[in-house]
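Me: Please take a close look at the helix packing in this model. Take me through the contacts one pair at a time.

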Amino acid sequence: VKGAPALYLWTAGHWGEWGLARGKFAAARSGAASRVRDLAQTVIEIDPFFEDAAGYRILGRLHSEAPSIIFITGWVSHEKGLQYLRRAHQIAPDHPATCFFLAEAILDHEIEKRDEAIGLLEGCATIEPRPEFVLEDSRYARVARNRLDALRPAPAPMQRDPPPLNFPAARPRSEASGPGPGPRPSAHPDSTPLRRRCFRVQ
């Protein structure tokens, strides 16, 4: 049916926006995640290349971001999310949203491939916006730059030289020590030598 892929795609997109506004856990419990999954899968079955692999992009983002809740969204798989996003990136390597979503999924679930994620963010931040999607592409370029800034280490504080120690100039010894010592006082008030005092005739 002509226009069917767009209908399923935009329906999935609106359910996704509603889920983000409602909250991930609340949306998952209400069944929104399952609806988005089924709609995105239908887009892939009709046309996997539609809108630069939008079906793979939505399905990959869903598996990467949705919470896994037993009996509700137990089907969520981070591994599948990375596989779908890599497939979307393979089909449309210059799509800003795909680059950003894949970079975030790698940082969240494959941190050992951090360099790959940084490369994707750098490409997203500098990519030329498409004429028909200037606002959307510019937004992803901005959030990619913000994520890169958050990943870069903070610059080390500049170390300043300690102020010089200004000691007072040394004075000459004669001035610094005051008047020299006078005659050495006798150990006894009587200055007569001990021998003379002991044998002095009274």
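Reply: Contact here means heavy atoms within 4.5 Å. Helices (H or I, at least four residues) are DSSP runs, numbered from the N terminus. This is a predicted model: local features need pLDDT of at least 70, side-chain atom pairs count only at pLDDT 80 or more, and totals for chains, interfaces and linings use all residues. Residues are numbered from 1 along each chain as its sequence is written, and side-chain values use heavy atoms, with hydrogens and water left out.

Start with α6 and α8. From α6, the residues P96, A97, F100, F101, E104, L107 and D108 touch D137, Y140, V143, A144, R147 and L151 of α8. By class, this contact holds nine nonpolar, no polar and four charged residues (Ala, Val, Leu, Ile, Met, Phe, Trp, Tyr, Cys and Pro count as nonpolar, Asp, Glu, Lys and Arg as charged, the others, Gly among them, as polar).

Now the geometry. Helix α6 covers residues 96-109 and helix α8 residues 134-151; their axes come within 9 Å and cross at roughly 25°. Axes are lines fitted to C-alpha atoms, for helices over the stretch in contact, and angles run from 0 to 180 degrees between N-to-C directions. The two helices α6 and α8 are therefore roughly parallel (angles under 35 degrees; over 145 is roughly antiparallel).

Next, α3 and α4. The axes of α3 (residues 32-46) and α4 (residues 54-65) come within 8 Å and cross at roughly 155°. So α3 and α4 are roughly antiparallel. On the α3 side, A33, V36, R37, A40, Q41, V43 and I44 make the contact; on the α4 side, G55, Y56, I58, L59 and L62 do. By class, the contact of α3 with α4 has nine nonpolar, two polar and one charged residues.

Definitions and conventions:
Angles under 35 degrees count as roughly parallel, over 145 as roughly antiparallel, 65 to 115 as roughly perpendicular and the rest as oblique.
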